[in-house]
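Let's take a walk through this protein together, one piece at a time. Have the picture ready and follow along as we go.

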Amino acid sequence: MAVVVWKRLPTVLTSDELLDKAFSRATKAKDQVEDPNRMYRTRKQMIRMIQSAGDVLDATLKGWVMKWPSLNKQSEFDRALIDAAVGCDDYRHHLSTIQWAAEQSMNIARQNVRKLQRMVNIEMMHATRREAYGRISSIVDQVGSSLDWLNNARDTLRELPSIDSSEPCIVVAGSPNVGKSALIAALSSGDPEIASYPFTTKQLHVGHFTSRRRRYQMVDTPGLLDRPMEERNQIEMQAIVALEHIGSLVLYLMDPAEHGGTSMESQENLLKEVAGLLPQTPLLIVDGKADLLKIDTGENPVSGHICVSATEGYGIELLRQEMVDRIGADVVEDPLSLPDGWHRKTAE
Ligand SMILES: Nc1nc2c(ncn2[C@@H]2O[C@H](COP(=O)(O)OP(=O)(O)O)[C@@H](O)[C@H]2O)c(=O)[nH]1
Ligand SMILES: [Mg+2]
């Protein structure tokens, strides 16, 4: 799911703001009532007020519930992201609380309108309206913390990386400072998007490129696949499981020059670990910082790995082709996809 979904979510009002909105709408509705008979007029006014307040609350609260994506429809990866970011149980709980408040407000409005319809005493009409307002306010106050939760969750969810589970995704792993972010930038057609990742305090770089009409995503996972296992907590393990679901390929970037400060031995140990953590995902090992190794042939004669320099641009196209080929071999070709350079004749 694209992050756009969260960016499109409307602001959730606080309980006070919501009540203000409902009651001021109700006052406006009351002011439109005309009837020369005082008793009839008051009755119509009170009914209008209660109905409008109930309608506004019902529509606003249910509108929020409807606009928030259903967790059951999310990919496993997105669910893991949402769970780590705000908690899936809380997500469900607060939305259903808000749904409940909408229904309660409607019920209170209906009950009091029914009472008013039989009433002839003007004082009692006002009292009934006040009672309805009181009960409605108490319901909305009760769900105030859910409204606050939703608003905070919206802000958090908007910052999540936008990874589309329907497009191939290349997970870039490797020790810190081996050049992962630089490589993603070198392979990307635009500037990589920088998002915060709920599993780590570090920033995540998401890059894209298009090849043969297909869009590829590349994601770097700071704090997740760049350090040894014993330090990982449960939420991080959950993220790794999620990566297994969206990853089409793991690109493991090595820094044979040890320029980033991690020894080759540690980098090889981490490689074994990453391979073990994502056993179902094909793995491509790449040697980076070719400029420091003085290799510009696209292949490291020592390791046999593709060799690239993100800063000098060596080997980038070769690597792109290799990734596309590896991923392509794994996917069922879309029978409707067209080769590059093929142009559909537009109907005149
Ligand atoms: N010489 C050289 N330096 C590089 C190359 N790629 C990255 N670097 C440098 O290595 C350091 C770490 O790079 P970065 O992309 O942040 O590594 P990350 O931690 O793996 O994301 C930075 O100072 C980069 O400028 C490269 O191809 N050649
Ligand atoms: Mg980085």
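Start at Gly-87, which comes after helix α4 and has a positive phi near 90°. Keep in mind that what you're looking at is a predicted model.

Now step back into α4 itself, which covers residues 76-85. Is this helix mostly covered or mostly open? It's mostly covered, with eight of its ten residues buried. Among the buried ones are Phe-77, Leu-81 and Ile-82, but you'll also find Asp-78 and Asp-83 on that list. As for what does the covering, it includes α5, α7 (144-158) and α9 (234-246).

Let's follow one of those covering helices. Two packed helices are described by the angle between their axes and the distance between the axes. On the α5 side, the contact includes Ala-101, Ile-108 and Leu-116, while α6 brings residues including Met-125, Ala-132 and Ile-139. Sort the residues of this contact by class and you get nine nonpolar, four polar and three charged.

Helix α6 has another partner to look at, α3 (residues 38-67). Here the axes are 9 Å apart and the angle is about 10°. Angles under 35 degrees count as roughly parallel, and therefore α3 and α6 are roughly parallel to each other. From α3, the contact includes Met-39, Met-46, Met-49 and Ile-50. From α6, you can pick out Ile-122, His-126 and Tyr-133, among others.

Time to zoom out. The protein is divided into domain 1 (4-158) and domain 2 (169-330). The centres of the two domains, taken over C-alpha atoms, are 48 Å apart. How many residues does each domain put into their contact? Domain 1 gives seven and domain 2 gives nine. The side of domain 1 that touches domain 2 has five nonpolar and two charged residues, and no polar ones.

Next, find ligand 1. Of the 17 residues around ligand 1, those that come nearest are Gly-179, Lys-180, Ser-181, Ala-182 and Lys-289. Two helices, α8 (180-187) and α11 (290-293), each supply at least two residues of this shell. Which of the elements gives the largest share? That's α8, with three residues. By class, the shell around ligand 1 has five nonpolar, eight polar and four charged residues.

Our last stop is Leu-318, which you'll find in helix α12 (residues 316-330). Is Leu-318 buried, exposed or something in between? A residue needs 20 or more C-beta neighbours within 10 Å to be buried, and 12 or fewer to be exposed. Leu-318 has 15 inside 10 Å, so this residue counts as partly exposed. Leave aside its neighbours within four places in sequence, and Leu-318 is in contact with Gly-298 and Ile-306.

Definitions and conventions: Residues numbered from 1 in each chain as written. Chains lettered and ligands numbered in written order. Predicted model: local features only at pLDDT ≥ 70, side-chain atom pairs only at ≥ 80, totals over all residues. Near = placed C-beta within 6 Å. Helix = DSSP H or I, 4+ residues; strand = E, 2+ residues; numbered from the N terminus. Nonpolar A, V, L, I, M, F, W, Y, C, P; charged D, E, K, R; others polar. Contact = placed C-beta atoms within 7 Å. Domains from an automatic or database assignment. Axes fitted to C-alpha atoms, helices over the stretch in contact; angles between N-to-C directions. Parallel < 35°, antiparallel > 145°, perpendicular 65-115°, else oblique.
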